[in-house]
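Dear colleague,

I am passing on the structure we spoke about, and below it you will find my notes. Please read them with the model open beside you.

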Amino acid sequence: MLFALLLVLFASCEKETIVRYEVSLDAEFDIPIGLNTIETHYFIIKNVPTFYTQSANNRGVDTSGILNVLASRGLIRAKFQDRDFDFVERVSVYAVSRKDPTFKREMYYIDFVPLTTGNQLRMLSSTTELKKIMGEEFIDLEIRLNFRNFNTAPIRARLEFGYAVF
């Protein structure tokens with residue numbers, strides 16, 4: 001009985017983290033035909049707006065009061081055609097600072113893409129803190145892809161991603 005009471009007391013003391021708002025973004029890149037299955041292929045998307053300050057202002061949030069920014073949902077899909085992404089084996093997406101290109105943070109990843117992935121690559125969100133990098137307003141994105149098979153047609157891909165503000 002005493003153990004149950006203590007468990008309830010400690011569980012109720014834990015402060016709940018509330019998401020203030022989420023921002024949805026997208027960027028496009030091309031996956032050319034015939035890339036090999038040995039190397040990691042890098043796709044750089046330059047000058048992607050984060051709308052950090054604008055989103056905070058639209059919601060009446062002072063950016064100095066933002067405690068944490070984390071990646072929310074992220075997926076890759078073909079823009080024009082319905083293509084299966086089963087030829088992809090591994091995905092990583094990094095946010096790269098425009099001010100200091102050596103400063104980068106992982107946003108999304110999949111270490112092993114299921115063979116039944118279909119026409120969307122649903123990625124896992126990293127737990128990396130993104131406040132400093134998203135506060136820059138413009139970032140570069142670095143998409144790293146490893147393939148298990150050759151891509152048989154060029155793909156205009158769309159990265160749909162976002163971040164949550166706490």
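Which residue is the bridge partner of tyrosine 94 in β8? The bridge partner of tyrosine 94 there is glutamate 142.

Before going further, a word on conventions: this is a predicted model, in which local features need pLDDT of at least 70 and side-chain atom pairs count only at pLDDT 80 or more, while totals for chains, interfaces and linings use all residues. Residues are numbered from 1 along each chain as its sequence is written, and side-chain values use heavy atoms, with hydrogens and water left out.

Strands around β8

Helices (H or I, at least four residues) and strands (E, at least two residues) are DSSP runs, numbered from the N terminus, and two strands are said to pair if DSSP finds at least two bridges between them. Tyrosine 94 and glutamate 142 belong to the pairing of strand β4 (residues 88-97) with β8, which is antiparallel and extends over nine bridges. Strand β2 (residues 41-49) also runs antiparallel to β8, and seven bridges join these two strands; in this pairing valine 48 stands opposite isoleucine 139. Strand β8 itself (residues 138-147) has eight of its ten residues buried, so it is largely enclosed by the rest of the structure; buried here means under 20% relative accessible area, exposed means over 50%, and partly exposed lies in between, with a 1.4 Å probe and protein chains only.

β4 also pairs with strand β5 (residues 104-110), in the antiparallel sense and over six bridges, and a hairpin of six residues connects β4 to β5. Alanine 95 stands opposite arginine 105 in this pairing. From β5 the pairing continues to β7, again antiparallel, over two bridges, where tyrosine 109 has leucine 124 as its bridge partner.

The open sheet

Four strands form an open sheet with antiparallel pairing, in the order β1-β9-β3-β6. Because β1 (21-31) and β6 (120-122) stand at the edges with a single partner strand each, one side of each is left without a neighbour in the sheet. The twist from one strand to the next averages 20 degrees, taken between axes that are lines fitted to C-alpha atoms, with angles running from 0 to 180 degrees between N-to-C directions. Three bridges join strand β3 (residues 69-78) to β6, and leucine 75 has arginine 122 in β6 as its bridge partner.

Two serines

Serine 97 is found in strand β4 and is buried, with a relative accessible area of 2%. A polar atom of the side chain of serine 97 lies 3.0 Å from the backbone nitrogen of aspartate 100. Leaving aside neighbours within four places in sequence, serine 97 is in contact (heavy atoms within 4.5 Å) with Phe103, Ile133 and Glu136.

Serine 126 lies in the loop between β7 (124-125) and α3 (131-134), and with a relative accessible area of 10% serine 126 is buried. Its side chain makes a polar contact of 2.8 Å with that of threonine 128; a polar contact is a pair of N or O atoms within 3.5 Å, where within protein one must be able to donate a hydrogen and the other to accept it, and residues adjacent in sequence count only if both atoms are side-chain atoms. Beyond four places in sequence, serine 126 is in contact with Ala71, Glu106, Met107, Tyr108 and Tyr109.

Salt bridges

A salt bridge is counted when a side-chain nitrogen of Lys or Arg is within 4 Å of a carboxyl oxygen of Asp or Glu, and by this rule the count comes to twelve. Lysine 79 forms one with glutamate 28, where the closest N and O atoms are 2.8 Å apart; lysine 79 is in the loop between β3 and β4 and glutamate 28 in strand β1, 51 residues apart. Both residues count as partly exposed, lysine 79 at 34% relative accessibility and glutamate 28 at 23%.

Glutamate 28 also forms a salt bridge with arginine 158, at 3.6 Å between the closest N and O atoms. Arginine 158 lies in strand β9 (residues 155-165) and glutamate 28 in strand β1, so this pair ties together parts that are 130 residues apart in sequence. A network of salt bridges links Asp26, Glu28, Asp30, Lys79, Arg156 and Arg158.

Finally, aspartate 140 and arginine 98 form a salt bridge with their closest N and O atoms 3.0 Å apart. Aspartate 140 lies in strand β8 and arginine 98 in the loop between β4 and β5, so the pair ties together parts that are 42 residues apart in sequence. Aspartate 140 is buried at 7% relative accessible area, whereas arginine 98 is partly exposed at 37%.

With best wishes
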